[in-house]
Structure formats: C-alpha cells, structure tokens
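Visitor: I'm new to this one and would like to ask a few things as I look around. Can you put it up?

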Amino acid sequence: MKKIAFLLIAMGLSYNTLRAQKTTQTENIFLITVDGLRWQELFQGADSLFVDDTGMMENPGSLLETFWDPNPLKRRQMLMPFTWSTLAKQGQLHGNRAFRNQVDMRNNMLFSYPGYNEILTGVPDDERINSNSKTNNPNTTLLEHLQGLPEYTGKVFAFGSWDVFPYIVNEDRSGIPVNAGFDRAKGPNLSESERIINRLQQEIRGPWEGVRLDPFTHHYALEAVKRQAPKVVFIAYGEPDDWAHDNRYDEYLHSIKQFDAYLKELWDYIQSTPAYRDKTTMIVTTDHGRGIDKSTWTGHGSGIPRSREAWIAAIGPDSQALGEVKEAGQLYPAMIARTIFQLLGLPYPDEQADTAIAEILP
C-alpha cells in the first residue's frame, strides 16, 4: 500500500483520481495456474510417442478412444474442448513454438516455487527463491499489493493444491486467506457444499503427501467465489505435474481434460453472474515446462532441456480475440503481474517487474 501510495504521489495522482481515469473494463481478476502442463499438449493434444506406451499407463490402449486422432488440431480439441472452443474464439493463446511464438520462464531454477514467485511478483529471484522449501516469500506478490488497497482489502483470495502456497503468498504477512494443501474451508457461515467438501477431503486421500487432488481445490475456490464474491482470485491446480513425475501419462491427460472442464465451469459462472459478467479477465498459465522424451518428460529443472518453455492464455473484456497467436513473438509469465495491474487501472508498485503484455490490454 505504501509503495503504491508513494508511486501515485510521484505521479501527482490520488488513488481516487486514478480510479476515475480508469479506461479498462476489467474490475475483477481470476489468475489461474496449472502445474507443469506442457505447451505440447495444449497446442497439439496427446503426444504420439506417449499415448499408447505400455510403461506409462495402467491399461494399454485405454487412451486412444478418448484422446487420439492423427490430426493434432482434433487431438487438442479432444483434450481441452473449452480451451479450443470458447477461449480460442473469444480470447487468446500464446506459446505455440511451431509458429516461433514463444513464452519462457525468466528464472533459472525451472521448478515450482521459483516459477510461482516469478508469476506473482513479476521478477525472478534465483538468489533467494531457489528451492521448494516451506519458507515465507520475502518478495511481495501482486496479490499482497492489491490486498493493501482499500478497494481490494478482504477481497483477494488464493487456493492451491500444493501445501507450499501459503508460504509463496506469504499468508502470515499479507493477510490473504490461502486454502491450500489439505486445508479445509473455515468460518461460521460455511455453505452445505463447503461442509461436504471438508468431510470428503478428510476421507479421500490422494497419492501425494503435500498435494491434494484438484477437485478439492476447485470446489473450495468455486464455493468461496459464489458465497463471498472476491474481486481477485488466484487458483493453482497441481495434478498434471504430479502425475507426470509418477510417469503416468494416462492420469496426466485425464487431469488436463478435467482442468479444462474446471476452466469452463469458472468462466460459465463468471459470465452468468452480474458481479463478474463482462468485467472480469481470466489469465491462465503454467509455472514451468518439462522434458519432451520418455527419459526426461517426468522431470523439469535447469538440467532438463525445454523446462523453460511455458504458455499464457487470457480472456476478458479488454483482451483482443486473437485466438491461437501464430506470429513470432516472445512473452514471459513474469509479465502477468504488471498486466493485471494495468487491467485494473493501477501502476505496478515494483519498478523492477517485467513489462505488461500489450495483447491482453485494450
């Protein structure tokens, strides 16, 4: 708050004056991430080298009917129908390297905590953010900056499948409620759905120690959105990366298809709700790439080629309907932080943050 106030003073503007001069239609932000989803599946669908490999799935041949077609344009539609219908028609997708349209992580760690820090702050920090340890982020995220402004105080929510997100967002310092890992919905006025989700999460354990299954993250987020109408929502899905680490290409694809269905449910709710309809921008990205052959696809990091490769998608009232961008270009997820602030009509308080994405702005 102090940084933004100082910046406004330097510009000769008050917060109210700046809001009065706002020219964008975006009033709400849904920032969505999905851990470790490769651009190859997003733009080409199921990988021809993996889709029927007997060592990468429980039942050989089980993926072919649902995910396979010789045409990659059909395959991607089969895998992510909402993305390649609504989002591709009304929004924009960046990162198909077949057209030299590139999206790359700026950090050199190329795993999750550094990736999320970069997305949420606009600045890579290889010196201090170089592990996935549960240590509070010394950097201030865009979420925390917004939480400090009167219009957004108490209206910034975060949800994640990974139990490190309370530290990435620095819940203790920022005051932003973070429901992540195996956290349950809390408070005196829970909905019946939230109480049921709480019970199911206690009874249904996923295969990983620090990451819950994405249905819990999604439905906690959706119920909170319906009940409390936050203005800024960060949702971080995690299953694709964990299934990939386990060399389960079948579950990796199923989790991507389900993630696409979650995007549809969120966007349908946004567009059916007066508080959000035609004044909400949804930005979707990933935190890193991963290997591209059978020996490396399960991992990512500085020692694995192609781990830097990412993608960005956006849909909202201020963003051009570019669809799949096929022109050569270079974007970075670090550009999202400043982009969000400009969509909201605000200057970003950290001058070191990356530039904004012009295509997402009016």
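Visitor: Is Ile-204 buried, partly exposed or exposed?

Guide: Ile-204 is partly exposed, at a relative accessible area of 40%. Buried means under 20% relative accessible area, exposed means over 50%, and partly exposed is in between, with a 1.4 Å probe and protein chains only. This is a predicted model, where local features need pLDDT of at least 70 and side-chain atom pairs count only at pLDDT 80 or more, while totals for chains, interfaces and linings use all residues. Residues are numbered from 1 along each chain as its sequence is written, and side-chain values use heavy atoms, with hydrogens and water left out.

Visitor: Where is Ile-204, then?

Guide: In the loop between α11 (192–203) and α12. Helices (H or I, at least four residues) and strands (E, at least two) are DSSP runs, numbered from the N terminus.

Visitor: What is Ile-204 in contact with?

Guide: Leaving aside neighbours within four places in sequence, Ile-204 is in contact with Leu-213 and Phe-216. Contact means heavy atoms within 4.5 Å. Ile-204 and Phe-216 are twelve residues apart in sequence, and their C-alpha atoms are 10.0 Å apart in space.

Visitor: Staying with α11, is Glu-194 buried or exposed?

Guide: Glu-194, which sits in helix α11, is buried, with a relative accessible area of 3%.

Visitor: What volume does the largest pocket have?

Guide: About 360 Å³. Grid points are joined across faces, edges and corners, and a volume is the space filled by probe spheres set on the points.

Visitor: Which element gives the most to that lining?

Guide: α12, with four residues. β4 (156–160), β5 (178–180) and α12 (214–228) each supply at least two. By class, the lining of the largest pocket has ten nonpolar, four polar and six charged residues. Ala, Val, Leu, Ile, Met, Phe, Trp, Tyr, Cys and Pro count as nonpolar, Asp, Glu, Lys and Arg as charged, and the others, Gly among them, as polar.

Visitor: And the second largest pocket, how many residues line that?

Guide: There are 13, and Val-123, Asn-139, Thr-140, Asp-350 and Gln-352 lie nearest its centre. The space in the second largest pocket is about 200 Å³. Its lining has three nonpolar, six polar and four charged residues.

Visitor: How many cavities of 30 Å³ or more are there?

Guide: One. The largest cavity holds about 30 Å³ of space, and its lining includes Leu-42, Thr-83, Leu-87 and Trp-311. By class, that lining has eight nonpolar residues, one polar and no charged.

Visitor: Which residues of α6 are buried?

Guide: In helix α6 (residues 83–90), Thr-83, Trp-84, Leu-87 and Ala-88 are buried. Seen down the helix axis, the buried residues of α6 fall within an arc of 95°, so they line one face of the helix. The arc is that of the directions from the helix axis to the C-beta atoms. These buried residues pack against elements including α3 (39–44), α5 (72–79) and α14 (249–272).

Visitor: How many residues of α7 are buried?

Guide: Ten of ten, in a helix that spans residues 112–121. The buried residues of α7 pack against several elements, among them β1 (28–34), β7 (280–285) and α15 (336–343). Just after α7, Gly-122 takes a positive phi of about 85°.

Visitor: Last topic. Is Asp-287 buried or exposed?

Guide: Asp-287 counts as buried, at 0% relative accessibility. Asp-287 lies in the loop between β7 and β8. Leaving out residues up to four places away in sequence, Asp-287 touches residues including Ser-112, Gly-115, Tyr-116 and Ile-119, which are among the buried residues of α7.

Conventions:
On a 1 Å grid over the protein atoms alone, a cavity is a set of points where a 1.4 Å probe fits but cannot get out, and a pocket is an open set with protein on both sides within 12 Å along at least five of seven lines; lining residues have an atom within 4 Å of a point.
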